[in-house]
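Please open the structure in your viewer and keep the selection panel at hand.

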Amino acid sequence: MPPHVDVVVVFRAASKRTPLSKEQIRKNAAKTERQYTALIKTLTRAGLKAVGRRGENQDQLLVLVTCSPDLLVRLVHCERYSDFLYGLPMSKLPSAEADLDSAPLSSADRVRLVHTYLTSTPHDGGLGIIPGCKEWDLVQSVMALHNHEFNDQWIRLWTRHRIASVELEKVRDQFGDSVALYFFFLTAYTRALIFPSVLGVLFYFFGTPYSIIYSTLLFIWSVVFVEWWRLQERILSVRWCTRGSFRVEKRRADYVYGLPWWRKESRKMASVPVILLFASVLSVVLTGVFILEAFVTQLYTGPGHRIVAFSPTLLFTALVPQLLEVYKTSAKRYTDWENHAHQSSHAKSFSIKVFTLSAINAYLGLALSAFVYVPFGEKVMSLLQHYLFSGPPGRTAALLEKLNININDTLKLKLGGRGVMTQADAGGMTAQSLFEADTVRARLKLNPSRLQEQMFAFLVTNQVMDNLQEICLPFVMRAIGSFRAGKGFRNASGKGIGKKKRVAFDDEPAGQVHDDAKTREEREFLETVRSEVSLPDYDTFDDYSEMVTQFGYVALWSTIWPLAPLMSLLNNYIEARSDAFKIAVHVRRPIPVRTDTIGPWLESLSFLAWLSSLTNAALVYMFRTPFNGLAAENEDHVHAEIKDLVLSAFLVALLASHVYFVLRAVVSHTLELAIWRGSKEMKEADRVEREIKEKYLIQCPTTPLQSPLDSQQPVSVEDEDEWASFWATDEGLEEIRKSDKDE
């Protein structure tokens with residue numbers, strides 16, 4: 001067996017390839033030596049075994065760390081006492097078991113304890129080896145190694161069996177609470193999609209479009225699922241002994257002590273204008289791309305119109321991802337500046353900021369199509385025609401220039417190279433020749449099935465591409481990187497194919513034959529370690545974001561296309577397996593984290609469930625009968641019809657919003673009674689709370705633990721004051737006997 005390694009500290013040595021002066025190289029080398037020596041001393045003095053090995057290149061060192069049994073016992077002891085003091089449920093409480101260390105310790109718990117001990121601040125009892133901090137600026141990361149035997153078995157279970165056959169408790173024992181909670185959520189959400197999937201198939205083939213029954217049942221399903229999951233989190237937190245884990249969470253390294261509360265809140269509020277600014281810019285860009293794609297490219301009939309049709313896609317690709325990336329970087333800086341004490345609150349703030357713009361990017365196109373294109377498409381088309389044909393000639397020329405169309409070449413092509421035209425005639429000829437001027441033909445170019453096509457693109461095409469990108473792209477990128485480094489093509493386990501440059505044993509004598517089995521095993525182990533170090537870190541953020549966004553498509557927009565839940569169900573069947581494969585092969589082993597909730601994603605689900613009440617009500621109201629456009633011919637009448645339609649849809653949506661809050665209260669109360677009240681998890685939570693109080697009372701010598709009511713001995717109530725005779729004389733029995741004699 002290879003040596004047991006709990007964590008690996010990735011240490012960056014001074015780079016020799018960077019062009020520096022000799023003096024600077026000497027200074028960097030001295031700094032590297034001092035910090036590396038301090039790192040090894042800090043680890044060994046704390047009771048850890050640490051040894052350095054060369055990394056993938058000469059600029060990297062890998063410090064392999066393992067925890068001694070005595071230190072591990074102390075870490076477990078400290079954590080369980082801390083849990084007890086802060087009221088966390090424990091598998092074996094001190095009052096029930098004298099030995100704090102008798103409870104089993106999983107692989108995830110061991111990694112979490114050692115990693116927390118290394119990376120916690122000295123104020124929280126840690127060593128303070130925090131990557132990127134001022135004292136340890138050469139420490140790049142502290143990571144854990146995969147258990148490849150478990151990973152292989154896990155992948156086989158996902159690929160050969162049903163979802164229900166995978167024991168999530170084993171996933172928790174290997175990767176910790178956060179990863180297990182994600183897969184539990186994914187499994188629960190996938191099973192919950194069965195009901196709307198069956199419902200959608202029935203209404204798609206046998207029902208009417210925009211059915212009020214389907215929309216109502218879908219809305220109720222979304223509310224029930226969110227409230228049911230809220231209770232499931234509570235049950236799991238009791239079952240996994242993590243309820244209230246935020247109370248024992250370690251502080252972040254860059255947390256600044258002593259900052260007034262009002263300054264923290266003002267910093268949080270300062271990010272709101274930034275979010276609104278980026279949201280406005282993104283909305284303007286998406287709206288512009290929508291108008292260009294839905295109307296302008298449909299009206300354009302000039303040369304190259306097939307190529308011009310791709311301009312909205314190119315514009316979207318060139319602007320939106322870059323804008324989102326800039327915003328994500330800004331959101332990270334603002335969240336750091338807010339000075340969050342704990343990582344959970346930091347992650348919550350960052351997730352809300354990022355998901356806000358992600359939701360706008362995901363849903364704004366559908367909203368514009370549903371509430372602008374379909375009901376008012378003809379009006380928008382006529383306004384664009386009026387803009388193109390009634391304005392000055394230069395207006396059309398400017399638009400064509402933006403589309404990279406040369407006007408002179410276009411005119412020559414149209415005239416066949418004959419004739420001479422004035423500038424004014426050229427502008428009029430350009431507008432009439434290159435854009436559709438006939439109003440009837442322009443209206444026929446409106447796509448009545450645009451909404452359904454968009455839903456298919458979002459829930460089928462995009463999800464298939466995302467799964468392929470998750471599974472296949474990392475293989476390609478690693479193979480290219482390995483080939484460029486002269487190591488051949490590497491497979492998933494990090495073993496190369498072809499010529500490979502060895503860096504671990506460059507100082508061995510030439511021609512040495514490695515016939516020692518232990519040496520070969522060590523070499524293979526170090527190669528596996530190096531291959532894992534080159535992998536990116538894993539975060540549940542992207543996976544949660546993908547599932548919550550999908551929930552939004554189903555809850556908000558599947559009234560448009562009832563097959564959306566079925567497509568999501570089929571995708572999630574593959575998603576669960578692709579996520580497991582990604583964690584086992586394409587990323588570093590997740591660092592276990594104690595958590596009792598999915599965090600801000602639960603609030604996002606609640607918000608989307610509320611928003612679904614608005615969208616479903618508005619969609620059913622506007623499209624419950626075939627929409628034939630605005631019938632009025634007079635422009636004033638058209639504006640009146642638009643105003644009435646928008647106002648009516650708004651009032652219906654407002655009423656549906658109030659229905660949501662009433663329904664949520666009823667569902668929450670009903671599920672509380674049906675699932676939580678009287679459950680074994682509730683009894684366990686009450687038992688833990690009572691046992692903690694009893695433990696406290698035992699430690700108070702002057703306070704009796706036993707209640708007087710529980711005692712079998714009579715309690716003396718003697719009173720020696722002046723009213724003692726009053727309290728000693730009882731006339732009740734005498735009065736009863738007198739009344740019996742009178743009768």
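How many bridges join strand β1 (residues 7-12) to β4? Four bridges join them, and the two strands run antiparallel; helices (H or I, at least four residues) and strands (E, at least two) are DSSP runs numbered from the N terminus, and two strands pair if DSSP finds at least two bridges between them. This is a predicted model, in which local features need pLDDT of at least 70 and side-chain atom pairs count only at pLDDT 80 or more, whereas totals for chains, interfaces and linings use all residues. Residues are numbered from 1 along each chain as its sequence is written, and side-chain values use heavy atoms, with hydrogens and water left out.

Select Val9 next, whose bridge partner in β4 is Val142.

Now widen the selection to the open sheet of four strands, which has the order β2-β3-β1-β4 with antiparallel pairing. Its edge strands, β2 (48-54) and β4 (139-143), each pair on one side only.

Finally, select helix α5 (residues 168-175) and helix α6 (residues 177-192), whose axes come within 7 Å and cross at roughly 155 degrees; axes are lines fitted to C-alpha atoms, for helices over the stretch in contact, and angles run from 0 to 180 degrees between N-to-C directions. The crossing makes α5 roughly antiparallel to α6, a term for angles over 145 degrees.

Technical notes:
Parallel < 35°, antiparallel > 145°, perpendicular 65-115°, else oblique.
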